[in-house]
Amino acid sequence: MAYDNESFLAGIAVGRNMESWPAMEGNTIFRFTIHAAAGQWSTPSMVFSGMIDWGDGSRQTSFNNIPIGYNYDYADRGQANHTYAAEGNYQITLNGKLLDWSTNKNPNNPGINRTLLSIDMPFPRSMKDRKSFSSLVRYSTNLISLPSGLFRYCEGINNLYGAFWDCRALATLPPQLLLGCENVTHIQQLFRRTALIDLPEDLFIYTPNVESLSFVFSHITTMQRFPDGIFAPLTKLREVDGMCWENTGLVGIQRDLFANLPVENFGQAFWYCTGIVEDIPPYWTDFPNADGNGCFEGCRNAPNYSSIPEVWRLFGIRP
């Protein structure tokens, strides 16, 4: 069955309600929605055995073992192909044993990431041993929806580096997105160059071992400020260098944004955040031993810009 654009978001809202599928969610079922042109379409690269429902009313396809493809990272991944009779949005259901899944870095079909519209339910328990989700859906420029608890059954996960980098249509995040990520240490560039407008207040509650937010919110033009206390759970946070590099949507920064956190490196954290029109808080006073090299360079629309210490205002200046 094809999904028209008007009903797409309504349908995804149902799919994202984890209470809707207690018998399936977390076990063998995984769903995602794509926009396919008429003709042959290839799945994201994956390691999978089971049935695929293509979402167009055609007969399900059984696969004894995918990969059929190539070696990337630590996993041999492959693809399955299907021919759609008409262009449209299709929700694909995998029912079986899924060990790996990613739309990124597929040399056999580099355009696959641009067909992904949404991930509709959490990864199943069969992916519990996968450790790295680095660049998971990077360059999925039409991705607009993610489910709560996407990684909740991925017990081994420790790396989310750049997982949603360049998802340029991704404007909102669900609550509990990072549920189950207690052992994750790497999230650098996680939301770089997305269209995020705001953040769920619980975003980092589930990632207490993260030490760096380097470039996590860089190159975003749509987010005006951070929720109060958003970083408070990150009690090991030491580096925010480049965190909001050219985040031109920001209009202000709270003084207590990093309160009571052991941040040591602010280098270029708010580099050329030209939308800031409020006074910049004196982090150089609150964190006197931190490296603030170029933290606020280019934030010239802040009323107190000229009074910021030179080392925090200009990159390359050393105390």
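Two strands pair if DSSP finds at least two bridges between them. Strands (E, at least two residues) and helices (H or I, at least four) are DSSP runs, numbered from the N terminus. This is a predicted model, in which local features need pLDDT of at least 70, side-chain atom pairs count only at pLDDT 80 or more, and totals for chains, interfaces and linings use all residues. Residues are numbered from 1 along each chain as its sequence is written, and side-chain values use heavy atoms, with hydrogens and water left out.

Q: What makes strand 2 and strand 7 a pair?
A: Four bridges join strand 2 (residues 39-42) to strand 7, and at least two are needed, so the strands pair. They run antiparallel, and Q40 stands opposite T83 in strand 7.

Q: Why are F231 and F258 called stacked?
A: Rings of Phe, Tyr and Trp (its six-membered ring) pair if their centres lie within 6.5 Å; planes under 30 degrees apart count as stacked, over 60 as edge-to-face and the rest as tilted. The centres of F231 and F258 are 5.5 Å apart and the planes stand at 0 degrees, so this pair is stacked. F231 and F258 are 27 residues apart, both in the loop between strand 9 and helix 2. The structure holds 33 aromatic pairs.

Q: Why does F231 count as buried?
A: Its relative accessibility is 0%, so F231 falls under the cut-off of 20%. F258 is also buried, with a relative accessible area of 0%.

Q: What makes R138 a charge over a ring?
A: A charge sits over a ring if NZ of Lys or CZ of Arg is within 6 Å of the ring centre and within 35 degrees of the ring normal. The charged end of R138 sits over the ring of W165, 3.4 Å from its centre. For R313, the charged end sits over the ring of Y305, 5.8 Å from its centre.

Note on methods
Buried < 20%, exposed > 50% of the residue type's maximum accessible area, 1.4 Å probe, protein only.
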